[in-house]
Amino acid sequence: MPASASSAPPPPTHSRREDLIGKLSSSSTDTKLKALRDLKNQIIGNRTKKLCFLKLGAVPLITSILSSSSSAAGTAGSACAGDIVELNDSLIIQSAAAIGSFACGFDDGVKAVLDAGAFPLLLRLISYPNDKVVDAAARSLKFIYQSKLAPRYDFLQGNNMTFIWSLLNSENENVTGLGASIITHSCQTSLEQKALSDSGVLKKLTYMLGGSVTQTDASLESVATILKGNPDVVSKFTEPENGGALETITELTKDKSARTRLLACICLIVIKNSAPSCLQSLRIKTKLILILLELLEDDQVGAEAPFALSSLIAEKEDLQLLAFEANVIDKLVNHLRRGPLQSRRFEGILIALANMCSRLERCRDRLLSLEAMKLVGDALSHDSGEVRAAACICLKNVSRSVKNLSAGLFMNESFVVPLVRLLVDDLTFVQVSALDAISNIVVDFLAHKTMFMQCGGVKQLVQLSKSMDSTIRVKAVCALRNLIFLVNNKCKEEILSELTQLTLRSLICDPEASVQEQALALVRNLVDGPLDSIQHIFAEDALLLHAVGQQLQSASKAQVLIQGMYVFTNVASGNEVHKEAVMQELFPPLANDSESIMFKFLHSDDSRLRTAAVWTLVNLTSPSSSGASGWVMKLRNAGIFSQLKNMVNDPCLDLRARTALGQSMTSGDGST
């Protein structure tokens, strides 16, 4: 039977969307209402559709409806205007809800909403006489405040604190939740934390912990924000007379809601990290670890649990040991093996493993014994930049192990090739993380460094050392510094041929002190070793030697001066020509000896700089040197030996330096 005309295919999806957008401009209120409902239902939870409607200009049209409807509501005042008011309120509710749907979990949507001017319109609706309108506006504003793009609220200005109180005192749960969300998003300074605490907001939030699940969760997030990093506010909050706030939060770690348990744990972690004396119980620490491990399994909060675990154990050996004994590493690795994981969960587990391996060798050994590093290596090529960066951080911490570096466990193709590839990653934070990992794995062990060089790693590091981003520059130079450490002269020549003397000189004179420090440390490693290594600093008319001397004359940062002096310490360990060159830099022919930089360094308040200066002098005055007597006379005339006699028993000098100084004084000055 032939098909009838009515069975023709529907119009393309794009045309249906355009039709829907067109209906938003209709003169018919009913048509606009239906279009708003249809659009809202289509985009809820669907990022792709949200983006399509954004491109079609939906948000400005909806904002226009919201604006005109809320304005019209104020002008319909006659007794017969009830139907008009009701229709206007319906338009306001639906347009506010649609705006909220665009903003929910979607930064592009939040930006579009803010650009269209919807934010102040929604804010004004919080005082609207219709509770349903208020509820819809509050919901949308909460979605906006879940984004980093939301406007910050200044609690310290004018009557702004009064407005926050009006929100928190509302009988509408979404309005109180909005107040808590504004605090979570906007409170960033210790002054704001103190102001919120002193005004009683912290007590109000504590009281709200006994409300509904939504209210409890919003309050826990806000409490954590106000307490974070502020020991004074934490101490006041945990006082017994504060209504047992700490006990209330601790009890919430047993709540039936997984999200509530997670947020309660985060609150307790914030308290412990901000004021450790307020949460010393070993039982609570162990309990937190076990709860977070349990929450790893939860579908709702499993992606956030490893981040909370990381904040609990980061840089704390005692807690890392507790976590190790609770088999945290095994359980995290089991999650990795289950794969594929959602990106956020994958990132969190890698970061947690990285923190577990940041201090304790037994943790690194356990991770390696589980053969989990292949999973970490694979993550270096993940689609998500956050996962790639987390894998780099994990590799960096695991490779802190000297014995495993010695075994060459990390200098192989499965790590080196993707790491070198990440040096040209589109995301700066990934490049930074890759540089940190590379700095560790190339730090030592000559037999394995050639692989990195063969993969083009040196060329990429040199390129990054010229970056406009100072963080990239300093980390690239740091990696080169570690790469050149303890390699033979042939490798040094290969690295230097790629780097060039001119580039290295420009890094020594870089505007950033941190780059100067790393560049001088690189030169220090370059000239460390036999005479042919020292000779590198004399190439191209001693370009690098003079650059080091200039920095020692002009730099003010102790770290820069220390590295510069150790460059000269290494050069002064060479032959007569090398020692004489160092003397010329330290005591220029036309300079006043009593104002020499060496005299200044020996009087420095920084013991590390005094030690570096002493080692340079020890090498210069070595009794085996035929020119030592002339240099000793020069040093005596400059008042250096008088100062050195006072430093033989300097308790801040390391033992080797004091011993060498005593020997030098005996042989050089002829007296003890």
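In which helix is the place of Ser310? I found Ser310 in helix α18, residues 305-313, where helices are DSSP runs of H or I with at least four residues, numbered from the N terminus.

I noted that the model is predicted, with local features needing pLDDT of at least 70, side-chain atom pairs counting only at pLDDT 80 or more, and totals for chains, interfaces and linings using all residues. Residues are numbered from 1 along each chain as its sequence is written, and side-chain values use heavy atoms, with hydrogens and water left out.

Leaving aside residues up to four places away in sequence, Ser310 touches Gly348, Ile351, Ala352 and Asn355, contact being heavy atoms within 4.5 Å.

I then turned to helix α21 (residues 343-356), which packs with helix α24 (residues 385-398) at an angle of about 15 degrees, the axes lying 8 Å apart; axes are lines fitted to C-alpha atoms over the stretch in contact, and angles run from 0 to 180 degrees between N-to-C directions. That angle makes α21 roughly parallel to α24 (angles under 35 degrees count so). Among the residues that meet, I listed Phe346, Leu350 and Ile351 in α21, and Val387, Ala390 and Ile393 in α24.

For the protein chain, I recorded 42 helices and zero strands, and 53% of its 672 residues count as buried.

How values were computed. Helices (H or I, at least four residues) and strands (E, at least two) are DSSP runs, numbered from the N terminus. Angles under 35 degrees count as roughly parallel, over 145 as roughly antiparallel, 65 to 115 as roughly perpendicular and the rest as oblique. Buried means under 20% relative accessible area, exposed over 50%, partly exposed in between (1.4 Å probe, protein chains only).
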